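Open the model in your viewer and keep the selection tool at hand. The tour goes from one stop to the next.

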Amino acid sequence: MPMDPLTDAAPDAAVSRVAVADEATSWADAATRDALLVIAEGITQLAGFDVAAVSVVRDSQHMQVMAVAGDDDARDTLLGTFTPIARLMEELDHAEDWGMFKFVPQEALDPEVESWGWVPDIVPLSEPDAWQPLDLLVAPLYGPDGELRGTLSIDCPSDGRRPDEAHRWILNRYAEQAARALYVAVEREAFADQVRVLSATREVVRNATRERNIGVMLEKIQPSLIEGFRCLGSWIHTFDEDGHGLGAIYSGDGARIEMPQHLVAIAERAASESWRAQRVGLVSRHIPIDERVAQVSEPEFEEILLFLEEIGVGSLLFVPVGAGRECLGSLVLTRALGGAEWTPAEVDAALEVGRDLGRAVLNARALDRERELVRELKALDDYKSKLIATLSHELKSPLAAMLANIEFLTGSIDLEPGALDVLAAVNRGASRLVRVVEDLLLLAKVGDPHLPLLTRPVDVLGAVEDVVNFIPLADQPRIKVEVQGDAAAMVAMGDPAEVDILVTNLVSNALKYSDAASTVTVTLSRDEEWVVLACEDQGIGISESDRKQLFREFFRSESAEVKAQAGTGLGLTIVDRIVTRHLGRIEVDSVLGEGSTFRVFLPTA
């Protein structure tokens with residue numbers, strides 16, 4: 001009998017199909033194959049037939065022989081082969097209805113049509129009810145909702161006769177049991193399939209979100225894709241930033257994917273259309289083209305199939321990759337020639353993977369843009385620092401000459417009072433410019449990331465006392481220095497010159513913006529691994545809006561009290577840069593009209 005054939009399979013083709021039978025049947029798990037084999041063996045051992053085969057629906061067009069019991073030749077020929085459902089149902093249209101089983105006698109077959117499938121090598125009895133080599137006895141097995149799940153085919157009755165009424169009743173009971181067992185086995189396999197692809201999807205997402213380089217990302221997710229989707233390989237085709245043209249093709253196994261240019265254009269268009277439709281394209285010779293799903297025309301479909309044969313691929317899933325409304329590329333999952341068809345669970349999971357990869361690609365591109373922006377900002381900052389340093393050096397010499405000449409004129413030449421007033425004004429302006437230049441040079445120095453910080457233990461209390469001693473004598477009584485804890489423990493790790501500048505700027509700032517009768521308190525303490533320097537004044541205070549910009553270069557408050565005092569707006573910026581270079585931190589507490597407290601935390605020695 002022609003049991004579960006592959007369409008028009010010539011002898012050589014049948015042999016080639018047998019060669020992939022183990023691979024094809026390996027797609028079902030062992031428990032499912034064992035359950036189906038029990039069904040077939042029950043027929044051969046108890047129902048009076050020597051050969052039984054169970055086929056399972058794999059897609060809308062084909063069934064696959066998953067279990068064969070009895071004859072070894074039948075098993076070797078049939079196991080793993082595909083049955084065209086349409087052709088089988090066409091044969092059964094001419095069958096006698098024996099209940100669940102359908103019987104097509106040899107004499108009802110068209111002699112002009114070539115036989116197909118496995119035909120037993122038997123010599124029929126000379127009786128009227130003798131079983132003939134081309135007799136066909138098949139029970140279509142349906143699920144609870146009436147959907148075709150598979151078939152039970154039997155051949156070679158032990159007594160060599162076609163079953164009588166009593167025998168048919170027994171066979172139908174077996175068919176009923178087989179239908180239930182097949183339904184349970186297939187549902188179990190479908191559930192296991194869903195669990196498998198769900199686990200694979202989770203693993204893919206986990207690996208994709210960790211990696212920001214697209215090529216490395218695919219390399220890391222490749223094992224999960226192959227194991228979870230049981231595929232031969234995969235590659236990702238990404239689009240350029242404008243969504244058009246070939247961005248790059250990344251193959252997980254490192255192989256270079258050379259696609260003809262016209263196929264690249266097809267893939268680009270199909271990816272965009274698939275993403276809009278939220279569908280996964282399926283390309284396989286076993287399944288007729290559905291342009292709504294494949295998103296390609298029939299001629300394009302054939303071109304793709306030819307290309308796949310050239311690279312040893314039997315079928316593929318074409319998965320759009322995107323995020324939001326933007327299509328970012330496509331993911332291709334491939335299976336070898338003769339491999340199993342893709343299951344609905346795999347198709348659904350592949351679409352989820354495409355969405356997750358889209359988010360990962362979008363994040364990777366955003367990170368690349370951020371890195372590029374940081375590089376540009378860093379280059380701009382370096383340029384600004386070099387410009388400031390250059391201009392400051394160029395201004396320093398002329399200013400020094402101006403001050404020297406002013407000093408010479410006022411000390412050695414008798415000038416009228418009006419001329420002396422002009423020179424005094426020029427001297428004040430030049431002196432202010434000198435302070436600006438000195439601050440600019442200092443800012444460039446402490447803000448240079450390439451300048452190494454040479455640290456050693458610094459006695460912070462000693463630095464504070466040195467700064468107080470250099471304060472004008474009139475202001476020294478206003479400064480109160482307090483030490484909370486062991487004075488010998490106030491030792492930080494830092495650059496002594498920069499720590500001295502830090503203390504000088506904080507104390508000078510406190511004196512400048514507080515009343516001449518008020519007190520400035522400098523307190524030193526320890527906070528675990530930090531030396532804490534606090535500078536508290538009773539001055540004009542800082543508004544909340546000004547505190548947000550306090551350490552910005554050249555920032556000065558708009559308040560009248562601040563504008564009344566000379567300054568460059570760089571003192572606190574220099575303090576902040578020094579603290580940052582020392583891996584410390586700075587805190588500010590202030591109440592407008594009552595005063596401010598600056599706390600600097602420096603790492604202990």
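Buried means under 20% relative accessible area. Keep that cut-off in mind; the model you are viewing is predicted.

**Stop 1: the aromatic rings.** Select Phe103 and Trp131. Both Phe103 and Trp131 are buried. Ring pairs join Phe49, Trp98, Phe103 and Trp131 into a cluster.

How many aromatic pairs does the structure hold? There are 3. Start with Phe49 and Trp131: their ring centres are 5.8 Å apart and their planes stand at 80°, so this pair is edge-to-face. Phe49 lies in strand β1 (residues 49–57), while Trp131 lies in the loop between β5 (101–104) and β6 (136–142), so the pair ties together parts that are 82 residues apart in sequence. Phe49 has a relative accessible area of 0%, so it counts as buried. Trp131 is buried as well, at 2% relative accessibility.

Next, look at Phe103 with Trp131. This aromatic pair is tilted, with 5.9 Å from centre to centre and 40° between the planes. Phe103 sits in strand β5 and Trp131 in the loop between β5 and β6, 28 residues apart.

**Stop 2: charges over rings.** Select Arg335 and Trp342. Arg335 lies over the face of Trp342, 3.8 Å from the ring centre. Then select Arg585 and Trp530. The charged end of Arg585 is over the Trp530 ring, 5.6 Å from its centre.

**Stop 3: a surface patch.** Select Leu373, Leu377, Leu380, Tyr383, Leu387 and Leu391. Together they form a nonpolar surface patch with about 620 Å² of accessible area. Zoom in on Leu387, in helix α11 (residues 344–412). Leu387 has 38% relative accessibility, so it counts as partly exposed.

Key. Residues numbered from 1 in each chain as written. Predicted model: local features only at pLDDT ≥ 70, side-chain atom pairs only at ≥ 80, totals over all residues. Heavy atoms only, no water. Patch = residues over 30% accessible without salt bridge, like charges linked within 9 Å, V, L, I, M, F, W, Y side chains within 5 Å. Areas by Shrake-Rupley, 256 points an atom, 1.4 Å probe, with all protein chains shown as cover. Salt bridge = Lys/Arg side-chain N within 4 Å of Asp/Glu carboxyl O. Helix = DSSP H or I, 4+ residues; strand = E, 2+ residues; numbered from the N terminus. Buried < 20%, exposed > 50% of the residue type's maximum accessible area, 1.4 Å probe, protein only. Phe/Tyr/Trp six-rings, centres within 6.5 Å; stacked < 30°, edge-to-face > 60°. Lys NZ or Arg CZ within 6 Å of the ring centre and 35° of its normal.
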